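I opened my notebook to record what I looked up in this structure. The entries follow in the order I made them.

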Amino acid sequence: MSDDLEVLRQDVVSELAGATDLRAWDAVRVATLGKSGRLTGLLKALGKMPPDERKARGVALNRLRDTLTQAVETRGRELEAAALQARLVAERVDVSLPPPATVQGYLHPISRTIEEMTAIFGAMGFGVAQGPDIETDWHNFSALNTPAHHPARTDHDTFYLPPQPGLDVTRVLRTQTSGVQIRTMLGQKPPLRIIAPGRTYRADHDATHSPMFHQCEGLVVGHDITLGHLKGCLIEFLRAFFGKPDLPVRFRSSYFPFTEPSLEVDIGWSRKTGDIGGGEDWLEVLGAGMVHARVLANCGLDPRVWQGFAFGMGIERLAMLKNGIPDLRSFYESDIRWLRHYGADPLAPALLHEGV
Amino acid sequence: MKFTLSWLYDHLDTQATLAEICAALNQIGLEVESVENRGAALQPFLTARITQAVQHPNADRLRVCTVDAGPGFENVQVVCGAPNARAGIAVIFAPPGTYVPGLDITIKAGAIRGEKSGGMLCSLRELGIGEESNGIAELPDDTLPGESYADFAGLDDVVIDIAITPNRGDALGVRGIARDLAAAGLGTLRPWLAETVEGTFASPIEWAITYPEACPWILGRTIRGVRNGPSPEWLRRKLESIGLRPISALVDITNYFCFDLGRPLHVFDANKIAGSRLTVCHGGKESFLALDGKNYTVTSEDCVIADQAGVQSVAGIMGGEATGADDATTDVFVECALFDPVKVALSGRRLGLFSDSSYRFERGVDPALPVAALEAATRMIVDLCGGEASEVVSAGEQPAWQRTASLRFSRLQSLGGLAVPADESVALLEKLGFEVRSRDDLSVVVDVPSWRNDVAQSPILSQGTDVPPDIARVAAEGVAAIEAESDLVEEVLRLKGLDAVPAATLPPFSAVPGAALTPRLARTELARRMLATRGLTETVGFSFVSNEAARVFGGAPESLRLLNPIASDLDQMRPTPLVNLTEAVKTNSARGWADIGLFEIGPAFAEDGQQAIAAGVRAGHTQRYPGLASEPVSLWAAKADALELLRALGVNLDAITTTADAPGWYHPGRSGVLRQGPKLVVARFGELHPSLLQAQGIDTPVVAFEVLLDAVPEPKRRKKAAPQLSAFQPVRRDFAFVVGDDVPGENVLRAVRGADRQLVSAVSLFDVYKGPHVPQGQRSIGVEVTLQPMERSLTDAELEAVSERIVAAVSKATGAVLR
């Protein structure tokens, strides 16, 4: 190699080594390999050389060009890598910090419980029916075989409202959602299978009673519905609701004006631990019975043709049992701490295939 | 209804254990509420005798006694501080290890001031059963040492409390309970026969009835020459065991029959009755002093018993002070009557007066029993108080109570779900007192016993006024045909036990059930989840609030004010759930929550009816974060909540307009109403009015929304067209319009959107400016417009043309000019 080419090579190599950022590197590249770069100048000068010198010089220049091109590229990659490394170091953050808070909302345990009941009864072919909170006393009592003097009415502690102007009808806050059953029987042709979850009201306020609470009543009417179906339906509901396939369920004779035979339903539990399904004790959870012939007839159904069963359960009560909630009053106090503790995730609705 | 095991044994011959009895009671519909064994705690205490008592050598007030308490404790030394501890008396001894309930200690053997003491001598107070504490209890001289005190004192009895359902008046006496248990297979009902007492003279007092609807039949007789005073021990103990206070022999005897046979009686002091006639009649607005020491004013609806001086008793409920029996009574007149259940119930409620007697009359007493019951009561009075009985006097007559009922045996299966053999069914009914009148292979006809007034009643219907008459008539005939049969099915099932009925699965309508929720209810559930995922937590508030709060939130009509509220601040049906949510903001804010988000979906009440409202509140300030300052809640969040909710309900938000006329509980300048089309109000939102917050004592900003769920129309179920997905890049252009302050900004955006429905695919707001660069009274609104070509990329000329159309459309709609 000619001395001048060796000098150029050494110059460029040292300049590349001295270029510590991409800008300096690019200057070296342009000054060497660019249009008016030093190597380019030498290559241009090649044409003016005598032919005998040209060949050897051409070979040497081409070799030098390959060498320098490679050196420039290598250095360029080094510098890029170094720049990236520096950026990565500079961009580092403390990933141990918490992200900005997002506020999670929750569903009230009453909603959740109604959802679970709807899912289970829905699977048994029940539809959900609704009715007004303010009922006539006919819908709430008389149609249900509970006339004004009936001793059962004294158990109810009914809230009364003034009659609507121009209408001589006693209005009450419904003490049960049975009015929905009455409206369903009046308005639809059997066979019927409905549940009616909703607000109910009784003039009672202490540690275990709230003047407003929720009930879920159910009604089944058909040609051949028996008390055996009532038992099957409620046993299956209770076992699914509490997630205990072996839950002990006991049926006791009782009395309600609107059913005959009437019964109350207990589940097995432990008084000591509150454990549902375990222990030696029984806990009453709902009332039920075969729809009274008079109730069917009050709604225009011939009890010789149609029969069925009805049931009613306290939603808060079942929610308390299932979730271990100790105090009834807390349901209505809107205490965010309580709502977050017992509330349900809105993205996990009660779906039978996911488990209620 | 309370009773003791020993009382039950008076009527029931049984070997059943307590557990079996309780299980049977529960099964047959006599629900056991509690079982109390008062004697259990007193079992370890022993009867004993002090054989020797000497002064304690080291203490003036103590005595060292030697006690014989029977086997194992024949010669125990006990140190005792009671002044009456002396040799020879019979006492109660607590051996070491005994828990003493009155002192809440367990006795240990030890030494008291140097003298050994191997137990304790007790007072009744220390046993937890008496008030007396002046020394230790002294038992009768003939007491034998070594018997458990519980057994000795008859405190070994178990008290069972059962709930009697309103249909079972017959079970309000121990005998009725025993009959049911015997029918359920737990022994035999002992025979009961009233021993008659021959009357030896004509009763100087007679009955008359002028209110036969309230009292069909009444009996009575005079017993003269009685000595009233404390009842004998057995009677007092019986009454005390079920929580009744013994008063005097005459009164205790009436109470005894009230609970033993469920048969209320009343005794008048015959010498205090004015005249010779007691009349069962309408009350006459007069005041009457009852035996409870209170005055009651009876109305003409109330049935009373009056003498010449006036009202002496409210029939079937309570007698009067003026003619009551006391220790000086020598002649009594005993009343035994049938009173109408409904009349008694209504009188009781009208007067606010209830008694063990009215409780039984309301539920129906045995109409065949009065003659025998009066004989039995007379016998007991004569036995316990002496005296001489008159002949029986009466008025009215025994009403016809005889009824029959028939049962097709197949109904046990087809209604009750349990196939019970015919013979067994009949046998069970007979044990309950039903008598077979006729029977064949398929059915039986029985006479209903007098005490079962709940079986085979004549049906009372209250048929809906909108049931067509012919349908109503057929249905009523159906009831008449089968109700009594259902009564009998219930009786047989009750005795068999419902646990015997095999559970059957409801026949499915289809393998895969249809939706349980109507589309409307399903949308409500979606709304609920949507609000919670937006960070709001669901609450449930009472439907009634205070009248004042309701007023603030738009309405407290008198027609929605409870006539009998449970508290004065829970008397008005709420006009919106916001009332409760605002209160919840207050309480949670007071607990220190800085960032509150709550919602409720529930009823709101107005004079024209009830509607479902989804309401929410956001209160306080957002949380700080590096680079993010804490911000007060913004009305935009509330508007977004409302809009997102409407979107979830299927509302096309392009059709929603906002007007600035929200109701008075919102800040008038920072609130709005969302309307679908020009009229239909579907939601309200905004900051709550500052003066409302101030009045409530809330010192944190609050924004709220209310979506009127019932107003939102059902979305049309349309099949969606396939989307047009363009292959070409959208073009975005910014425009700034200067527009008058009074022009809703929404109109600018809507005009842009409407300028070219094909090309304009989105419009968004990026700037609102007021200041020196725009004229007074106007503002600049900056919007970004997205143009989406479908066929090919836009040319410059096309872009220019659509921009001009946009400017023209906005200008036409709002008077705005391009800035």
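**Entry 1: Domains**

I began with the domain assignment of chain B, which gives domain 1 (2–38 + 157–189), domain 2 (40–152), domain 3 (206–396), domain 4 (404–494), domain 5 (519–708) and domain 6 (731–818). Domain bounds here come from an automatic or database domain assignment. I noted that this is a predicted model, in which local features need pLDDT of at least 70, side-chain atom pairs count only at pLDDT 80 or more, and totals for chains, interfaces and linings use all residues. Residues are numbered from 1 along each chain as its sequence is written, while chains are lettered from A and ligands numbered from 1 in the order in which they are written.

I then looked up the distance between two domain centres, taken over C-alpha atoms. For domain 2 and domain 6 of chain B it is 103 Å. Chain A is divided into domain 1 (3–90) and domain 2 (109–342). Their centres, again over C-alpha atoms, are 91 Å apart.

**Entry 2: Where the chains touch**

How many residues does each chain give to the contact? Chain B gives 92 residues and chain A gives 83 residues. Two residues are in contact if their C-beta atoms, placed from the backbone, lie within 7 Å.

I listed the elements that give two or more residues to the side of chain B that touches chain A; among them are α2 (18–27), α13 (469–496), α14 (519–533) and β33 (595–606) of chain B. Helices (H or I, at least four residues) and strands (E, at least two) are DSSP runs, numbered from the N terminus. The largest share of this side of chain B, 16 residues, comes from α13(B).

I sorted the residues of that side by type: 49 are nonpolar, 27 polar and 16 charged. Nonpolar means Ala, Val, Leu, Ile, Met, Phe, Trp, Tyr, Cys and Pro; charged means Asp, Glu, Lys and Arg; the others, Gly among them, count as polar.

**Entry 3: A listed binding site**

UniProt lists A:Glu260 under "binding site" (unreviewed entry). Its positions are given in the numbering used here, feature names are shortened, and annotations may be inferred rather than shown by experiment.

I found A:Glu260 in strand β8 (residues 259–269) of chain A. Is A:Glu260 buried or exposed? A:Glu260 counts as buried, because it has 23 C-beta neighbours inside 10 Å. The rule: a residue is buried if 20 or more other C-beta atoms lie within 10 Å of its own, exposed if 12 or fewer, and partly exposed in between, with C-beta atoms placed from the backbone.

Not counting residues up to four places away in sequence, A:Glu260 touches A:Gly289, A:Met290, A:His292, B:Ser486, B:Asp487 and B:Glu490. A cis peptide bond joins A:Glu260 and A:Pro261, with omega about -5 degrees. A:Pro261 is also found in strand β8 of chain A.

**Entry 4: Other backbone notes in chain A**

I looked up another cis peptide bond, from A:Pro190 to A:Pro191, with omega near 0 degrees. A:Pro191 lies in the loop between α8 (178–187) and β5 (192–201) of chain A.

A:Asn145 is not a glycine, yet its phi is positive, about 60 degrees. A:Asn145 sits in the loop between α6 (137–140) and α7 (151–154) of chain A. With 24 C-beta neighbours inside 10 Å, A:Asn145 counts as buried.

**Entry 5: The FDX-ACB span and a helix**

UniProt places the feature "domain: FDX-ACB" (unreviewed entry) at residues 726–819 of chain B. That span is 32% helix and 34% strand, and its end C-alpha atoms lie 32 Å apart.

Helix α20 (residues 796–814) of chain B has 19 residues, so at 1.5 Å a residue it should span 27 Å; its end C-alpha atoms are 27 Å apart, which agrees. The expected span is 1.5 Å times one less than the number of residues.

Which residues of α20(B) are buried? They are B:Val802, B:Ile806, B:Val810 and B:Thr814. They cover an arc of only 75 degrees around the axis, so they lie on the same side of α20(B). The arc is that of the directions from the helix axis to the C-beta atoms. What covers these buried residues includes β39 (731–740), α19 (745–755) and β41 (778–787) of chain B. The face turned away from the buried side of α20(B) carries the exposed residues B:Ala797, B:Glu800, B:Glu804 and B:Lys812.
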